[in-house]
Each structure stands twice: as C-alpha cells, then as structure tokens.
Amino acid sequence: MSGIEGIGIKVISTAPQVEGAASGSTMGILQQIADMLEALAATGATGMIDLQDAQLAPQEYEMLREALAEGEVHAVIDAVEPAEVRETIYPGVWWFTQYNVEGDIVADIIEVTALPEVLKAHADDVADGLARLKEFLGA
C-alpha cells in the first residue's frame, strides 16, 4: 500500500461539542451572533443581544453557554453591582453578566465588538486618574 490511505488520522475540532441537539432558539441566537460578527469584521459595526429578552429555557441557556465556551479573556468588575465580562472562544463575541447585591443576575448580554464598552475607561475617570497620579508624583 502506498500513499496516505494507510495513515490513521484523528480529526480534532476547536469548536465546542454541545451535548444534544441545539434548540431553535439557541441556533437562532447563534446565527444572530454570526451575522453580527460578520458585520464587525466587514464594517466594524457592533451589536448586542439581551439574553433576558430571549426567554431561554434552562437547557437552551446551558447549550448557549457550551457553544460560546470561555475564551482567553475574563474580567471581573468590582462595583456595587458586580459584573463579569468574558470573551467567548470566538474573538469579538463577549458575554457580559451583572449581578445585584444578592448575587442574582440583573443583566445578561452577548456583545459583539472588539472591546466591550464596560471595559473602556471613561474620559472623566482618565482625567481623575491623571490628577491622582500627578498628586502622587508631587507634580
């Protein structure tokens, strides 16, 4: 035997393996995300999906979590209402979750953007930081 016919090949996928068939709601949201990601890549247009408006069943929510598995970046926002932002395995697709003081989810959003707005420093905060740094330096 010659050629590659006799060589065993194992195919490894980087896409998440979601158990069971994804529901129509989950697939619809994933298609919306794909469309928004295509727009981001082509024109820089951003978009978001409020998952609380989607009214997903618990198993649909978990399927979406699995399909959008955690990527390389995870930020925690320590505020009165704490939040976390995690990049999914698809760069440009971010999952933002905010909690109330009891730990209940009050915002659950998929944002398609290069960098989520919540992670950007506001101009007033930058000016305040500069003033504090100058004060520390004695300038």
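Strand β5 is mostly covered, with six of its eight residues buried; buried denotes under 20% relative accessible area, exposed over 50%, and partly exposed the range in between, computed with a 1.4 Å probe on protein chains only. Strand β4 is likewise mostly covered, five of its seven residues being buried. Over the protein chain of 139 residues, 27% count as buried.

The model is predicted, so that local features need pLDDT of at least 70 and side-chain atom pairs count only at pLDDT 80 or more, while totals for chains, interfaces and linings use all residues. Residues are numbered from 1 along each chain as its sequence is written, and side-chain values use heavy atoms, with hydrogens and water left out.

The protein chain contains four helices and five strands. Helices (H or I, at least four residues) and strands (E, at least two) are DSSP runs numbered from the N terminus. Along the sequence these elements follow the pattern α-β-α-α-β-β-β-β-α. Among contacts in the protein chain with a separation of 6 or more, 43% come from residues 24 or more positions apart, a contact being heavy atoms within 4.5 Å.

The five strands form an open sheet with the order β1-β5-β4-β3-β2 and antiparallel pairing; two strands pair if DSSP finds at least two bridges between them. Strands β1 (47-50) and β2 (70-77) stand at the edges with a single partner strand each, so one side of each is left without a neighbour in the sheet. On average, neighbouring strands of this sheet are turned by 20 degrees against each other, direction ignored. Axes are lines fitted to C-alpha atoms, for helices over the stretch in contact, and angles run from 0 to 180 degrees between N-to-C directions.

The pairings are described here from β2 across to β1. Strand β2 is joined to strand β3 (residues 83-88) by five bridges, and the two run antiparallel. Within this pairing, T88 in β3 is the bridge partner of E70.

Two helices pack on the sheet. Helix α1 (residues 24-43) touches β1, β4 (93-99) and β5 (105-112), and the direction of α1 makes about 165 degrees with that of β1. Helix α3 (residues 58-67) touches β3, β4 and β5, and the direction of α3 makes about 130 degrees with that of β4.

The next pairing, between β3 and β4, is antiparallel over five bridges, and Q98 in β4 is the bridge partner of A83. These two strands form a hairpin with four residues between them, and G92 in the turn has a positive phi of about 95 degrees. Strands β4 and β5 pair in the antiparallel sense over seven bridges. Here Q98 stands opposite A107 in β5, and Y99 stands opposite I105 in β5. The hairpin of β4 and β5 has five residues between the strands, and G103 takes a positive phi near 95 degrees. Strand β5 also pairs with β1, again in the antiparallel sense, over four bridges; I109 in β5 is the bridge partner of D50.

The two helices also pack on each other. The axes of α1 and α3 come within 9 Å and cross at roughly 35 degrees. This crossing of α1 and α3 is right-handed, the near helix being turned clockwise from the far one by less than a right angle. The contact is made by S25, T26, I29 and L30 of α1 together with E60, M63, L64 and A67 of α3. These residues divide into five nonpolar, two polar and one charged. In this classification Ala, Val, Leu, Ile, Met, Phe, Trp, Tyr, Cys and Pro count as nonpolar, Asp, Glu, Lys and Arg as charged, and the others, Gly among them, as polar.

A salt bridge is taken as a side-chain nitrogen of Lys or Arg within 4 Å of a carboxyl oxygen of Asp or Glu, and by this rule the count comes to two. One is formed by K120 with E117, where the closest N and O atoms are 3.0 Å apart. K120 is partly exposed, with a relative accessible area of 37%. The other is formed by R132 with D128, the closest N and O atoms being 3.1 Å apart. Both R132 and D128 lie in helix α4 (residues 123-137), four residues apart, about one turn of the helix. R132 is exposed at a relative accessible area of 54%, whereas D128 is partly exposed at 40%.
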